[in-house]
Amino acid sequence: MTSEHADGPSEPRASRRPGGSRAALTWSGEPGRLEELTHGMLLDRAERAATVLRRLGVGAGDRVAVHLPLIPESVIVTLACGQLDAVRATLPVQLTAPQLAARVRESGARVLVTADAAFWDGAVRPVKPVLDRALHHATRRDATEPIAPVLVVSRCARPVGWTPGRDRWWHEELERA
């Protein structure tokens, strides 16, 4: 597996699962970036993601809004939601900030998951900055609703704006789980 956030400690537990060492997901994205996750690794990360979501208050029937490009973490969040009996609400990364603000409000999400940026059409495109603008628009209209925690997946190592108390790095939260 090649990934900047590879999780070595999970390997022994993951490899004890039936089929745990067989490839479950192979992803090729940015130039030169390839990730392969075994069944065991994928299930282990999903369990840790479910633990993180549970700690953030997600339970059965709650919504988790996913604003991610097509990356392995999108699959992991989906599996984690399944473990919690939570509902995944997809927020396409191509939406504009006003469109995204409306979708965020409609979703009623307890937690949002996004990426710092994404590589598509041959360029690095902002993802979290668009969500930040959308959340700014969404809160201006209804200041009584607290903003959900935002888990940020680091994909392109780009600097991003940060809201203390709201924003958390995905990989750091999974390491603690």
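## Starting at S74

Let's begin with S74, which lies in helix α3. This is a predicted model, and in it S74 is buried, with a relative accessible area of 10%. The cut-off for buried is under 20% relative accessible area, so a value of 10% puts S74 in that class.

What does S74 touch, once residues up to four places away in sequence are left out? The list is V66, L68, P69 and R88. There's also a spacing to look at here: S74 and T90 are 16 residues apart along the chain, and their C-alpha atoms are separated by 9.6 Å.

## T78, also on α3

Stay on helix α3 and you'll find T78 there too. Is T78 buried or partly exposed? With a relative accessibility of 36%, T78 counts as partly exposed; that class runs between the 20% and 50% cut-offs.

V66 comes up again at this point. Going from C-alpha to C-alpha, T78 and V66 are 8.8 Å apart in space, while in sequence they are twelve residues apart. V66 is also one of the residues that S74 touches.

## How α3 meets α2

Helix α3 covers residues 72-84, and it packs with helix α2, residues 39-55. The angle between the two is about 65 degrees, and their axes are 8 Å apart. As for handedness, the crossing of α2 and α3 is right-handed.

Which residues make the contact? On the α2 side they are L42, L43, R45, A46, E47, A49, A50, L53 and R54. On the α3 side they are V75, I76, L79, A80, C81, Q83 and L84. Sorted by class, the α2 contact with α3 has twelve nonpolar residues, three charged and one polar.

Follow the chain to the loop between α3 and β4 (87-90), and you come to D85. Here phi is near 60 degrees, a positive value in a residue other than glycine. Why point that out? Most residues other than glycine have a negative phi.

D85 is exposed, with a relative accessible area of 54%. The class begins over 50%, so D85 belongs there at 54%.

## R125 on strand β7

Now for a strand. R125 is found in β7, which spans residues 123-126. Its relative accessibility is 31%, so R125 counts as partly exposed.

Setting aside neighbours within four places in sequence, R125 is in contact with A117, A118 and W120. Then there is C156: R125 and C156 are 31 residues apart in sequence, yet 9.2 Å apart in space, C-alpha to C-alpha.

## Rings and a charge

What sits over the ring of W27? The charged end of R155 does, 4.7 Å from the ring's centre. On the subject of rings, a search of the whole structure finds one aromatic pair.

## The whole protein

Time to step back. The secondary structure comes to six helices and nine strands. The protein has 177 residues, and buried residues make up 47% of them; S74 is one of the buried residues.

Terms used: Residues are numbered from 1 along each chain as its sequence is written. This is a predicted model: local features need pLDDT of at least 70, side-chain atom pairs count only at pLDDT 80 or more; totals for chains, interfaces and linings use all residues. Side-chain values use heavy atoms; hydrogens and water are left out. Axes are lines fitted to C-alpha atoms, for helices over the stretch in contact, and angles run from 0 to 180 degrees between N-to-C directions. Helices (H or I, at least four residues) and strands (E, at least two) are DSSP runs, numbered from the N terminus. A crossing is left-handed if the near helix is turned anticlockwise from the far one by less than a right angle, and right-handed if clockwise. Contact means heavy atoms within 4.5 Å. Ala, Val, Leu, Ile, Met, Phe, Trp, Tyr, Cys and Pro count as nonpolar, Asp, Glu, Lys and Arg as charged, and the others, Gly among them, as polar. Rings of Phe, Tyr and Trp (its six-membered ring) pair if their centres lie within 6.5 Å; planes under 30 degrees apart count as stacked, over 60 as edge-to-face and the rest as tilted. A charge sits over a ring if NZ of Lys or CZ of Arg is within 6 Å of the ring centre and within 35 degrees of the ring normal. Buried means under 20% relative accessible area, exposed over 50%, partly exposed in between (1.4 Å probe, protein chains only).
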